[in-house]
Amino acid sequence: MKHKIYIFVVEDEPEVLDAIVRDLEEFEDIFPIEMADSAEEARDLLSALIDEGHEIGLILCDHVLPGQNGVELLVEMQDKPSTAETRKVLITGQAGLDETVRAVNEADLKHYIAKPWKKQELVETTRKLLTDYVLEQTENPMEFMSVLDSERIADFIRKGRSITDN
Amino acid sequence: MTKVKTTGLFLGIIGFCIPLLMNFQGLSLAGHIAMSIFLLAAVFWMFETIPIYSTSILVIFSQVLLLSTEGIIDFSGVPGYDPQSYTQFIGTLANPIIILFLGGFVLADAAVKYDFDKNLTRILLSPFGNRTSTIMLGLMAVTAALSAFMSNTATTAMMITVIIPIIAKMDKGDPARIGIALSVPFAANIGGIATPIGTPPNAVVIAALNQQGLAVAFGSWMLYALPLAIVMLLVAWQVLLRLHPPATEFVALDLDTKLQKSSHAILLYVTFGITVLLWVTEGFHGIKSSIVALLPVVVLTLSSAFSKQDIRKLPWEVLWLIAGGIALGISMKDTGLASWLVGGIAWGDLSSMMVLVVFGAVTLIMSNFLSNTVTASLLIPLALTLVTSGALDGTFGMLLVGLVIALSASFAMILPISTPPNAIAESTGVLKTKHMLLSGSIIGVIGLILVLLLSVFYWPNII
């Protein structure tokens, strides 16, 4: 199976989870979406994906979950080398200041999306963060141009940082 | 390792062993070894078992090891080969044409660093108005002009950043979106033929001609190739307009030019201008283009406009790739392999026109699937040897076949894998491979026909 970069969504309410995944449809051809409804399930799925050789490019995580909360999951991911580079986003209505600060400081939180979200904000954030990820973490970001920020990726190639004449 | 690469690995090793186990009549021992290296390189280049520049490095290493006086084989008393010092092979890395490219790379990378390429594009595009068809012509002209001096790939990438906002504003169903997205890589491929530094296959061909004692001045090359580049640009423009007629007559083009004004940036503009001027006027002042190429390297590094970090980021692997191609040609010629290979065919019975047709067509087909540089590296040693067999007429014939190979290699653009500019355009998702296949084939065939016409009606009159 080909090595893929996943988008990971953690959300305990099924309707909300569906809505997020629907909004991210346009990325799915290239970045498969994996879902979990609790931090515990997420942890298992994440390690399964990584064991199969995949990467997690982006995680969109609710804060209030049954059992362990979202911020704790993000901090845990930040501490593991295999998911340290994953771009981390909280999508929640109920994370307090302290927890959000903790996510910023200890999980390198890249974005906070307040519920209810606008589709455009979610899509733009996803596009920007995944573009950051492929530019930093992959050797040939060109293959992601069709769904990500193609201007930024083209500019990266212009600066000679991935392919040259042959 | 993928299946293709593994297949390539096995075939390459088998190819390397065959000449060592066989005894070909009339081929020297060194010729057998050169054939082993040739087959290994050809297979590795075709299957990309290892990166193509690594294959080039492997070629040079094998030659030092097996064909030089310092190598492991003692050729004294073995007839048919007079081995040279290993410096002949590693020296290809400082071949004048490599230095010319180095100068070009420094100039191009510095231009990118100070956004000169972007801003120049915006300035040059402004006279083309806002009609869809003329904007397309403008985009193509600017792309071709830049890619004549910069890498085709970097130029395409830069132009993609210009066309994406244009395409985004167009109606989703407008066929001109596809036309515009194809116009940029095609123009970059075509623009590369215009100057010796436009694209690496030119380098391989010019270096091979130099080894035959035939010097090609920068300006002479432009005299041979620039008219063709201009005609092909217009052809490609018309082909794309007809295949993908614009649905709207006008498109919006936002051009905000912010030419950098720092002292380093200004120094770059001046150096760029002077270097290009000295290159194209080589015929008047006689200073060799590779010597002129040192000018940007010296000026931009001593002023720190081009820093140590920038030097590290130069595309060194492209220089290795070209050097390997040059080195391969040297040993094919010196060991007698090239003349042995072409000796098997009764080329003398063919008219010189047929020879050019064959090499042009083979080059075009091969470079659609292989790297253009690799195609030129594999074919040019064989083609130049034909002169000794009488199928081509002396130095004039060598120049003709050299031009045919270099120019046909750049007209291969039917697939995303044909050239990196095509790959970039395809990756934007605006067009499908079938679009590239159709227009690329038409342009390739017209290009080949024009090259052959020039070799009959134009080049003989000016060489």
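Start with the overall size of chain B. For 463 residues, a compact globule would have a radius of gyration near 23 Å. Chain B has 23 Å, so it agrees with that expectation. The C-alpha trace of chain B spans about 75 × 50 × 50 Å along its principal axes. Remember that this is a predicted model. The mean pLDDT of chain B is 93, and 99% of its residues reach 70 or more. The model as a whole scores ipTM 0.85 and pTM 0.91.

Now look at what chain B is built from. It has 24 helices and zero strands. Of its 463 residues, 53% count as buried. Among contacts between residues at least 6 apart in chain B, 81% join residues at least 24 apart.

Next, the domains. Domain 1 of chain B is assigned two stretches, 3-86 and 337-462. Domain 2 of chain B covers 96-312. Taken over C-alpha atoms, the centres of these two domains are 26 Å apart. Where do they meet? In domain 1 of chain B, 40 residues are in contact with 38 residues of domain 2 of chain B. On the domain 1 side, the elements giving two or more residues are α20 (372-385), α21 (394-410), α22 (420-427), α23 (433-457) and α24 (459-462) of chain B. The largest share of that side, 11 residues, comes from α23(B).

In soluble globular proteins, nonpolar side chains tend to be buried together. Here the largest nonpolar core has 199 residues. Those with the most contacts inside this core are A:Val10, B:Phe101, B:Ala111, B:Ala236, B:Ile322, B:Val401 and B:Ile405. Why does the core lie between the two domains of chain B? Domain 1 and domain 2 of chain B both give residues to this core, so it lies between them.

Zoom in on B:Ile405. Leaving out residues up to four places away in sequence, B:Ile405 touches B:Val205, B:Phe359, B:Thr363, B:Ala376, B:Leu379, B:Ile380 and B:Ala383.

Finally, turn to the partner chain. How many residues of chain A are in contact with chain B? There are 16, and they are in contact with 27 residues of chain B. The side of chain A that touches chain B has five nonpolar, five polar and six charged residues.

Key: Residues numbered from 1 in each chain as written. Chains lettered and ligands numbered in written order. Predicted model: local features only at pLDDT ≥ 70, side-chain atom pairs only at ≥ 80, totals over all residues. Domains from an automatic or database assignment. Contact = placed C-beta atoms within 7 Å. Helix = DSSP H or I, 4+ residues; strand = E, 2+ residues; numbered from the N terminus. Rg over C-alpha atoms; globule rule 2.2 N^0.38 Å. Buried ≥ 20, exposed ≤ 12 C-beta atoms within 10 Å, placed from the backbone. pLDDT = per-residue confidence, 0-100. Nonpolar A, V, L, I, M, F, W, Y, C, P; charged D, E, K, R; others polar. Core = buried A, V, L, I, M, F, W, Y, C linked by C-beta atoms within 7 Å.
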